[in-house]
Amino acid sequence: MTRAELIAALEAATGPSRELDAEIAALMGLAVEVQQDEMLDVLWKHPNGKVRCDPPRFTASLDAAMTLMQEGTAIERLSWWPRCAPGLMASVDLLATDENGFGIPSRRVRNVQAANPALAICIAALKARGE
């Protein structure tokens, strides 16, 4: 799945998804193939350095979603309306800076909406990384 396809799938998601977690992890290069006898399996690197049989829960966990943000990226605003009807219940703005040495904002990702805050951060972080 390409970055654009993954962003579209995350925008359409109605809640956390283990399938999307695996797609994010694969896109970020966190998949580790392991050959045991005649079986090929995939393990996943986690931000804490451990390798596990399941990918990080990017679409459910704020902590995991925030690991997708590049260094120098900040959350400018995060809004969450948990009592709203199902749908777009979270919105986020990210501010990303390039390594220009001045800390001057180079990219803003504004008003990313999703079904939960973790999904919104995933979408914004992937958009901030560019194409």
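Visitor: How many Å from a polar atom of the side chain of Asn116 does the backbone nitrogen of Leu119 lie?
Guide: This is a predicted model, and the distance is computed from its atoms. Asn116 sits in the loop between S6 and H4. A polar atom of its side chain has the backbone nitrogen of Leu119 at a distance of 2.6 Å.

Visitor: Which other residue has its backbone nitrogen 3.0 Å from a polar atom of the side chain of Asn116?
Guide: The side chain of Asn116 has a polar atom that lies 2.6 Å from the backbone nitrogen of Leu119. For the distance of 3.0 Å, the backbone nitrogen belongs to Ala118.

Visitor: Is Asn116 buried or exposed?
Guide: Beyond its neighbours within four places in sequence, Asn116 has contacts with Gly15, Pro16, Thr59 and Ala90. A residue counts as buried when its relative accessible area is under 20%. The relative accessible area of Asn116 is 13%, so Asn116 is buried.

Visitor: Which elements do the buried residues of H1 pack against?
Guide: The buried residues in H1 are Leu6, Ile7 and Leu10. They are on the same side of H1 because they cover an arc of only 100° around the axis. The elements they pack against are H2 and H4.

Visitor: Which elements do the buried residues of H2 pack against?
Guide: Helix H2 runs over residues 18–27, with Leu20, Asp21, Ile24 and Ala25 buried. Their arc around the axis is only 140°, which puts them on the same side of H2. They pack against H1, S1, S2 and H4.

Visitor: Which residue with a positive phi follows H2?
Guide: H2 ends at residue 27. The residue in question has a phi near 75°, and its name is Gly29.

Visitor: What is the order of the strands in the open sheet of three strands?
Guide: S1 and S2 are antiparallel and share six bridges. S2 also pairs with S3 in the antiparallel sense, over two bridges. S1 and S3 are the edge strands, each pairing on one side only. The order is S1-S2-S3.

Visitor: How many residues of strand S1 are buried?
Guide: S1 covers residues 31–36, six residues in total, and is hardly covered. The count of buried residues in S1 is zero.

Visitor: Which residue in S3 stands opposite Lys45?
Guide: S2 spans residues 39–45, and its pairing with S3 has two bridges. Opposite Lys45, the residue in S3 is Val51.

Conventions. Residues numbered from 1 in each chain as written. Predicted model: local features only at pLDDT ≥ 70, side-chain atom pairs only at ≥ 80, totals over all residues. Heavy atoms only, no water. Buried < 20%, exposed > 50% of the residue type's maximum accessible area, 1.4 Å probe, protein only. Helix = DSSP H or I, 4+ residues; strand = E, 2+ residues; numbered from the N terminus. Pairing = 2+ DSSP bridges. Arc of directions from axis to C-beta. Contact = heavy atoms within 4.5 Å. Polar contact = N/O pair within 3.5 Å; in protein donor to acceptor, adjacent residues only side chain to side chain.
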